[in-house]
Amino acid sequence: MADVKAIQTVSEMHRVADQIRADGLQIGLVPTMGFLHEGHLSLIRRARRCVDRVVVSVFVNPIQFGPQEDLEAYPRDFERDRVLIGDSGGDLIYAPDAEEMYPEGYASYVDVDGLTRHLCGTSRPGHFRGVTTVVTKLFAAVKPHVAIFGQKDAQQAAVIRRMVQDLNLDVEVLVSPTIREADGLAKSSRNKYLSPEERQEASVLYQALQKAKRLVADGERRSEVVIGEMRELIERRPLAQIDYIEAVDTAHLQPVEEFSGEILLALAVQFGKARLIDNLVVQTA
Ligand code: AMP
């Protein structure tokens with residue numbers, strides 16, 4: 001198969017997007033930071049089923065990384081990504097560099113309030129401002145009718161839905177299920193950082209979520225108890241360092257004391273260099 005074309009500039013992306021739209025075709029965007037895995041590919045395949053032209057963006061967005069985070073170390077393999085994108089049904093890659101996205105004098109940011117206060121918003125100040133800014137810029141460049149995100153980053157998906165609604169952006173947001181390894185570990189580009197021992201222990205995130213699900217199914221409603229049990233399970237793994245475990249309502253992502261309605265259970269756990277996140281939506285009567 002011929003290599004998928006990669007577009008590097010905003011002006012070229014505008015020209016191509018305008019042409020696709022002028023032809024009466026629908027554009028789908030799958031934003032990624034590259035180093036693709038089955039999770040990303042599931043989003044590309046979904047886009048393939050929904051729209052006429054699938055654009056995959058590959059951009060490691062510097063402004064969503066904190067000063068102590070892994071921007072430099074973040075894994076990259078563009079040629080491998082290009083092949084995977086082609087094989088999964090992507091038509092075009094949008095891969096601007098940081099200079100193209102944030103040239104000298106850049107000064108504009110998009111901030112979503114409220115939903116960004118808890119979960120990753122607490123431990124990664126400025127992260128969501130970076131995400132909402134880059135997603136807005138990607139929407140402006142690619143002009144998609146549909147954009148697809150993963151439930152793996154549940155808070156990100158909720159924040160983007162809010163932003164699209166609040167700013168009247170004319171993009172339909174779809175959220176696709178989390179793709180996992182055989183032992184339940186959510187696929188992530190950051191899993192590459194795990195040593196064999198850390199990799200083995202990392203399945204505890206999924207086990208903790210499953211344990212919580214069982215507790216709630218058995219009638220437990222107190223967040224403190226559910227979170228306490230999850231914490232206890234994870235703390236048995238010597239290489240795990242819990243960043244947070246929270247139960248929040250899915251509408252506003254605010255912590256709840258009692259499980260009722262639809263609750264998002266979300267956690268972040270550090271294993272060596274890898275900060276891993278995962279989540280589960282729990283329904284209660
Ligand atoms: P990233 O490259 O990590 O920024 O992720 C790009 C998109 O892929 C985001 O919408 C993520 O939520 C989604 N994604 C990442 N990992 C998974 C996964 N394991 N399953 C489903 N979607 C995922």
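A residue is counted as near a molecule if one of its heavy atoms lies within 4 Å of that molecule. By this criterion, 17 residues stand around the ligand, and His40, Gly150, Asp153, Ile179 and Lys187 come nearest. The structure is a predicted model, in which local features need pLDDT of at least 70 and side-chain atom pairs count only at pLDDT 80 or more, while totals for chains, interfaces and linings use all residues. Residues are numbered from 1 along each chain as its sequence is written, and side-chain values use heavy atoms, with hydrogens and water left out.

In the side chain of Asp153, an N or O atom is 2.6 Å from a ligand oxygen. For His40, a polar side-chain atom lies 2.8 Å from an oxygen atom of the ligand. Met33 contributes a polar backbone atom, 2.9 Å from a ligand oxygen. On its own the ligand has 480 Å² of accessible area (Shrake-Rupley method, 1.4 Å probe), and the protein covers 92% of this area.

Which elements give two or more residues to the shell around the ligand? They are strand S2 (27-32), helix H2 (38-50) and strand S5 (146-150), where helices (H or I, at least four residues) and strands (E, at least two) are DSSP runs numbered from the N terminus. H2 gives the most, with 3 residues. By class, the shell has 7 nonpolar, 7 polar and 3 charged residues; Asp, Glu, Lys and Arg count as charged, Ala, Val, Leu, Ile, Met, Phe, Trp, Tyr, Cys and Pro as nonpolar, and the others, Gly among them, as polar.

The next topic is charge pairing. Side chains of opposite charge can pair when their charged atoms come close. The structure holds 19 salt bridges, each a side-chain nitrogen of Lys or Arg within 4 Å of a carboxyl oxygen of Asp or Glu. Glu12 and Arg15 form one of them, with their closest N and O atoms 3.1 Å apart. Because these two residues are 3 apart in helix H1 (residues 10-22), about one helical turn separates them. Asp91 and Arg48 also meet in a salt bridge, at 2.9 Å from N to O. Asp91 lies in the loop between helix H3 (78-88) and strand S4 (92-94), and Arg48 in helix H2, so this pair ties together parts that are 43 residues apart in sequence. Asp91 has a relative accessible area of 29% and is therefore partly exposed (buried means under 20%, exposed over 50%, and partly exposed in between; 1.4 Å probe, protein chains only). Arg48, at 30%, is also partly exposed.

Aromatic rings form a further set of contacts. A search of the whole structure finds 4 aromatic pairs, in which rings of Phe, Tyr and Trp (its six-membered ring) have centres within 6.5 Å; planes under 30 degrees apart count as stacked, over 60 as edge-to-face and the rest as tilted. The rings of Phe59 and Tyr102 have centres 6.3 Å apart and planes at 45°, so this pair is tilted. Phe59 is buried at 6% relative accessible area, and Tyr102 is buried at 12%. Tyr106 and Tyr109 form an edge-to-face pair, with 5.7 Å between centres and 85° between planes. Phe59, Tyr102, Tyr106 and Tyr109 form one aromatic cluster.

Technical notes:
Polar contact = N/O pair within 3.5 Å; in protein donor to acceptor, adjacent residues only side chain to side chain.
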